[in-house]
Amino acid sequence: MDFTDSGPGHFYAEGSLRAGRLHNKYSSTDLRDPMDQSAGYDSSATYYGFHIGSGYVWNIRDRYSLDVYGKYFLTRLEADSLTLSTGDPVTFGSSNSSRLRFGSRFSYVATEFLSPYVGAAFEREFSGTARATSYGYSLDSPSLRGNTGIGELGLTITPSPKRPLALDLGVQGYVGKREGITGSLQIRWQF
């Protein structure tokens, strides 16, 4: 939701709900039972979450804008119990991810159809611990708790200025607690 005013920019608020199933397939040639069978499993668990955020878009010039924002994300992954291909039982506990992100995005309106952007953000993960047990014993628990820097580069495509449809192609890089590169394709219909 945009809160327009007569100044050089506007405030906005956003939110989302999401739910689905996470499927995970694992196999290892290093972990074997006494019969030399390799360990592996297929897991499936439900996840759900939400995010809320707000920001300010400052119109620097006619074609240039700077978006400064803050967002909070909460996601929960439900528990799952399974049996490894070696016959060993494993129970994955439910896990929560609680993240706060502050960042900015600089956009340039090249044409009425194309708008490239570049951005940077700082994110703090407050929980993000995964727990598992086998035969009642706890397994090592990885944690994502900590700080991550995020850089992004992308392009927003608006096929028609008369319709509220936009395509967003982007790539994000992560350094810190989370490391890696992701790509994204989003289709937005604004109302």
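A: Start with 4 strands that form an open sheet in the order 5-6-9-10, with antiparallel pairing. Strands are DSSP runs of E with at least two residues, numbered from the N terminus. Two strands pair if DSSP finds at least two bridges between them. The edges are strand 5 (80-83) and strand 10 (137-138), and each pairs on one side only. Strand 6 and strand 9 pair antiparallel over 2 bridges. Here Phe92 stands opposite Ala132 in strand 9.

A word on the source: this is a predicted model, in which local features need pLDDT of at least 70 and side-chain atom pairs count only at pLDDT 80 or more, while totals for chains, interfaces and linings use all residues. Residues are numbered from 1 along each chain as its sequence is written, and side-chain values use heavy atoms, with hydrogens and water left out.

Of its 30 lining residues, the closest to the centre are Asn24, Tyr41, Val90, Phe92 and Ala132. The space is about 660 Å³. On a 1 Å grid over the protein atoms alone, a pocket is an open set of points with protein on both sides within 12 Å along at least five of seven lines; a cavity is a set where a 1.4 Å probe fits but cannot get out; lining residues have an atom within 4 Å of a point. Points are joined across faces, edges and corners, and a volume is the space filled by probe spheres set on them.

Which strands supply the lining? Strand 6 (89-92) and strand 9 (132-134) each give at least two residues, as do strand 2 (9-32) and strand 3 (38-59). Strand 2 gives the most, with 6 residues. By class, the lining has 14 nonpolar, 9 polar and 7 charged residues. Ala, Val, Leu, Ile, Met, Phe, Trp, Tyr, Cys and Pro count as nonpolar; Asp, Glu, Lys and Arg as charged; the others, Gly among them, as polar.

Strands 2 and 3 belong to the other sheet. There, 9 strands form an open antiparallel sheet in the order 1-2-3-4-7-8-11-12-13. Strand 1 (2-3) and strand 13 (180-189) are its edges. Strand 2 and strand 3 run antiparallel, joined by 21 bridges. Gly9 stands opposite Trp58 in strand 3.

Now look at strand 11 (residues 146-157), which holds Gly154. Gly154 counts as buried because its relative accessibility is 13%. Buried means under 20% relative accessible area, exposed over 50%, and partly exposed in between (1.4 Å probe, protein chains only). Beyond four places in sequence, Gly154 is in contact with Ser115, Pro116, Tyr117, Leu169 and Gly170. Contact means heavy atoms within 4.5 Å.

Strand 11 also meets a cavity. The structure holds 1 cavity of 30 Å³ or more. Strand 8 (114-125) and strand 11 each give two or more residues to the lining of the largest cavity. Its lining residues are Glu123, Glu125, Leu144, Gly146, Thr148, Lys177 and Arg178. They divide into 1 nonpolar, 2 polar and 4 charged.
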